Amino acid sequence: PAALPPRPPTTASDLLPPPSLPLVGSSMAAAARHELPPLYINQRQAIQQRPQKPQATIMRSIVTATLLGLLAAQSSYAFAEFQPSSAVAATNNVLRPSSSVTFARKTSATSALHMTGGQQAPPPELKPPPALYEGAIAAGIAKGKGSWSKIFKLGIVAGAHIGFGSYLAISVGGNCPGIAAANPGLQKIILGAFGLPFGLIMTLVSGAELFTGNTALVGASYMEGKSTKSELAKSWIASYAGNFVGSLLLAYLAYTSGTLAASPGSVAIATAKATLPFQQAFVRGILCNWLVCMAVYMASGCSSMIGKMTAVWFPISAFVALGLEHSVANMFMTPLGIMRGAEITIGQFLTGNLLPVTLGNIVGGMLCVMGPYGSTFGGWFKKKKDDWCEE
């Protein structure tokens with residue numbers, strides 16, 4: 001710059017190109033010939049060196065515009081597709097106002113699903129308490145409507161399932177003498193966690209008939225006036241008999257298989273159960289089926305397999321770890337212990353254990369579980385109260 005000759009101050013007119021200078025493609029030499037000021041030269045260079053818009057960017061803009069146009073067209077088509085329904089709904093509003101509201105709601109719900117491309121909304125993971133009770137009543141009604149042969153055969157299946165759970169519990173938790181001596185609490189947890197929960201899961205998912213669960217479900221439907229006395233008796237008697245047959249069958253198969261070898265677990269468990277006092281066996285039966293029927297009740301309100309498993313696992317493992325008494329599980333454990341040499345008579349088993357435990361299971365399932373919910377969400381005792389008020 002020091003070598004350049006001095007020049008007059010730059011004015012606004014100096015910034016304009018001379019008429020003879022081309023607007024595009026000028027160079028430093030051309031600028032020098034026309035004696036342009038350096039400020040103008042720098043501006044022209046910046047304009048010439050600015051990159052043109054890439055073709056990829058232009059293509060993306062075209063594709064984006066096309067997609068937006070297609071989306072707008074699809075939305076317009078979908079909107080137009082629902083206009084006839086909307087027109088019918090509007091007509092119904094004039095002719096039949098009461099029925100048009102329902103029609104419009106159904107139309108809007110269907111339209112929303114169609115517009116989003118989705119299906120019906122999935123059921124909730126867990127039903128709210130009132131719906132949970134209604135579902136339990138519906139299940140009890142269906143169970144009460146079954147025939148004697150159907151309930152009996154499905155009862156055999158349920159007895160075998162609970163037997164399998166007891167079989168696993170004895171094989172794992174009942175075969176840990178070292179842990180039982182060093183840490184009795186841990187041995188009880190192992191006994192409860194491995195076995196009976198999976199037996200109840202198989203029963204619930206497969207639709208088998210379990211007596212202890214029917215005490216709650218069919219008992220509640222009877223208290224609501226949805227099932228008759230004969231249906232209640234049929235459900236309880238047929239499922240109880242079927243459970244007994246299935247448990248005895250599996251106990252014999254387990255004994256014949258020889259998988260328990262010389263393990264003393266089954267003999268010790270059967271002896272402890274048969275020597276319980278009547279009152280203790282009865283109370284343990286109440287507490288046991290309280291937890292069992294809560295597991296059945298909660299699982300009936302879950303829509304997923306994981307939800308049902310969670311609802312079953314905690315209460316069932318708890319009742320086993322607590323040392324409570326389940327009549328159907330005892331139908332397997334005590335006969336298996338007798339087959340393996342336990343010094344127990346059949347009379348001791350039937351009258352000393354099975355009878356009080358069964359009675360306790362009925363109280364625990366029907367009254368302790370379903371009683372509070374029936375008097376809250378259902379119609380238990382309300383009819384009698386209304387009749388007394390009328391008098």
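I'll start at the surface, where Leu 204, Val 205, Met 305, Ile 306 and Met 309 make a nonpolar patch of about 450 Å². A patch here takes residues with over 30% relative accessible area and no salt bridge, joining nonpolar side chains (Val, Leu, Ile, Met, Phe, Trp, Tyr) within 5 Å and like charges within 9 Å. A salt bridge means a side-chain nitrogen of Lys or Arg within 4 Å of a carboxyl oxygen of Asp or Glu. Areas are from the Shrake-Rupley method with a 1.4 Å probe, and for residues only the protein chains shown count as cover.

Two elements give two or more residues to this patch: helix H9 (196-206) and helix H14 (305-321). H14 gives the most, with 3 residues. Leu 204 lies in helix H9 and is partly exposed, at a relative accessible area of 32%. The classes are buried under 20%, exposed over 50%, and partly exposed in between. Helices are DSSP runs (H or I, at least four residues), numbered from the N terminus.

A word on the source: this is a predicted model, in which local features need pLDDT of at least 70 and side-chain atom pairs count only at pLDDT 80 or more, while totals for chains, interfaces and linings use all residues. Residues are numbered from 1 along each chain as its sequence is written, and side-chain values use heavy atoms, leaving out hydrogens and water.

Next, helix H11, residues 229-257. Its 29 residues reach 42 Å from first C-alpha to last, close to the 42 Å expected; the expected span is 1.5 Å times one less than the number of residues. After H11 comes Gly 258, with a positive phi near 75 degrees.

Now the aromatic rings. Rings of Phe, Tyr and Trp (its six-membered ring) pair if their centres lie within 6.5 Å; planes under 30 degrees apart are stacked, over 60 edge-to-face, and the rest tilted. That gives 7 aromatic pairs. One of them is Phe 244 with Phe 349, edge-to-face, at 6.3 Å centre to centre and 75 degrees between the planes. Phe 244 is in H11 and Phe 349 in helix H16 (residues 346-377), so the pair ties together parts 105 residues apart in sequence. Phe 349 is buried, at 4% relative accessibility.

Tyr 297 and Tyr 373 form a stacked pair, 4.9 Å centre to centre with 20 degrees between the planes. Tyr 297 is in helix H13 (residues 278-300) and Tyr 373 in H16, 76 residues apart. Is Tyr 297 buried or exposed? Tyr 297 is buried, at 3%, while Tyr 373 is partly exposed, at 26%.

Last, Phe 211, Trp 236 and Tyr 240 form one aromatic cluster.

Key:
Buried means under 20% relative accessible area, exposed over 50%, partly exposed in between (1.4 Å probe, protein chains only).
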